[in-house]
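Please open the structure in your viewer and keep the selection panel at hand. We will go stop by stop.

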Amino acid sequence: MSNFTHSIRQLIARILGQPSSRERKKDELVQGLMKALRDSREREIGCDEVYEVLDQYAEAVLKGVDTAELMPLVNHHIHMCHECREELEMLMEMLRLQMA
Amino acid sequence: MTQYTNEEWLDLLGGEPDQAALAELREMLVRGLRYTLSSRVKSNLDPLIEDFVQDALLKILDKLETFRGESQFTTWAQKVAVRVALTDLRRKRWRDFSLEEMTTSPDGSVLEPAFMSDPSPSPERQTAQQAMFDLVRRLLDDLTDRQRQAVMLVMVSGLPMDVVADQMDTNRNALYKLIHDARLRLKRRLEEEGLSPEDVLAVFG
């Protein structure tokens, strides 16, 4: 086992197993993981596929289109991926500025 | 700003770019980035924006033939600029980060991430919750080494995927797929234990 793998295992043990770990933060960790598992789907697309259509998606959102209906896989990825969500938000801010 | 159609933009920027059109595009990107980054970046923005716009314009001209005309050209161009800016900012913010330093202190012990620094004393443990902690720990242990690294660094420690991907010698797309596989594996293992994520969440509700 590499040192890094060992370190990661120790990190997990420290967070979840040791008596000194902080209950509230442990709660948040487990809840965050479980929400991600709950929302996971067998078929998901990656960041590259989302990037390909992010411009169309942003325009659709601004037009009030139901993107969950029109682009469900992109919609779900945006829900799951912090980075793509951040990029969408910033793009929409720029588009709103342009429209103002 | 001149209202060009998509076809006009492609004509103007293809081959030897029309300098007036290029200047208009540049001005739009500078204005948009300055507006959106002013709330995200505290340091002097102008040199950063200059670099981002320069990089974005090169990418836009280089990838012009990939624009499929399914959005406004200017939306597509701004998408490119957003990706350039945010990816660079995430990397700059975590410039000195390394996985080894993240998890190991100089004496070899594991560092506590920020979310463990809450100094409040632990309340008495709830038996059911502790069982869930132990279960999650076992589930994480069943992941491959790379899946476990990715889950811990991105989902638990909250590091940007661009940064973790660099450190793991992969790219953001592949890292997302690695984490997706890990999530599905954890979910299946949980089901093998006769539980759903909702069951576990109910214990903490």
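**Before you click.** This is a predicted model, in which local features need pLDDT of at least 70, side-chain atom pairs count only at pLDDT 80 or more, and totals for chains, interfaces and linings use all residues. Residues are numbered from 1 along each chain as its sequence is written, chains are lettered from A and ligands numbered from 1 in the order in which they are written, and side-chain values use heavy atoms, with hydrogens and water left out.

**Stop 1: chain B.** Select chain B and colour by secondary structure. You will find ten helices and zero strands. Helices (H or I, at least four residues) and strands (E, at least two) are DSSP runs, numbered from the N terminus. Of the 205 residues in chain B, 48% are buried. Buried means under 20% relative accessible area, exposed over 50%, and partly exposed in between (1.4 Å probe, protein chains only). Among contacts in chain B with a separation of 6 or more, 61% join residues 24 or more positions apart. A contact here means heavy atoms within 4.5 Å.

**Stop 2: the largest nonpolar core.** Show B:Leu25, B:Leu33, B:Leu37, B:Ile60, B:Phe73 and B:Leu175, the residues with the most contacts inside this core of 63 residues. α4(B) gives the largest share, ten residues. Such a core is a set of buried Ala, Val, Leu, Ile, Met, Phe, Trp, Tyr and Cys residues joined through side-chain atoms within 4.5 Å. Now centre on B:Leu25. Leaving aside its neighbours within four places in sequence, B:Leu25 touches B:Trp9, B:Leu13, B:Leu57, B:Ile60, B:Phe73 and B:Ala77. Another core, of 22 residues, lies apart from the largest one; its members include A:Val30, B:Val151, B:Ala182 and B:Leu190.

**Stop 3: α6 of chain A.** Select A:82-99. This helix has 18 residues and reaches 26 Å from first C-alpha to last, close to the 26 Å expected at 1.5 Å a residue. The expected span is 1.5 Å times one less than the number of residues. Its buried residues include A:Cys84, A:Leu88, A:Leu91 and A:Leu95. What do the buried residues of α6(A) pack against? In chain A, the partners are α3 and α5 (72-80); in chain B, they are α2 (19-37), α4, α8 and α9.

**Stop 4: the largest pocket.** Show A:Tyr51, B:Lys59, B:Val80, B:Arg83 and B:Val84, which lie nearest the centre among 32 lining residues. A pocket is an open set of points on a 1 Å grid over the protein atoms alone where a 1.4 Å probe fits, with protein on both sides within 12 Å along at least five of seven lines; lining residues have an atom within 4 Å of a point. The space comes to about 700 Å³, counted as that filled by probe spheres set on the points, which are joined across faces, edges and corners. α4(B) gives nine residues, the largest share of the lining. The lining divides into seven nonpolar, eight polar and 17 charged residues. Ala, Val, Leu, Ile, Met, Phe, Trp, Tyr, Cys and Pro count as nonpolar, Asp, Glu, Lys and Arg as charged, and the others, Gly among them, as polar.

**Stop 5: two loop residues.** Jump to B:Arg95, in the loop between α4 and α5 (99-103) of chain B. B:Arg95 is exposed, at 60% relative accessible area. Finish at B:Asp169, in the loop between α8 and α9 of chain B. B:Asp169 is exposed too, at 73%. Check its backbone: B:Asp169 has a positive phi of about 55° although it is not a glycine. Most residues other than glycine have a negative phi.
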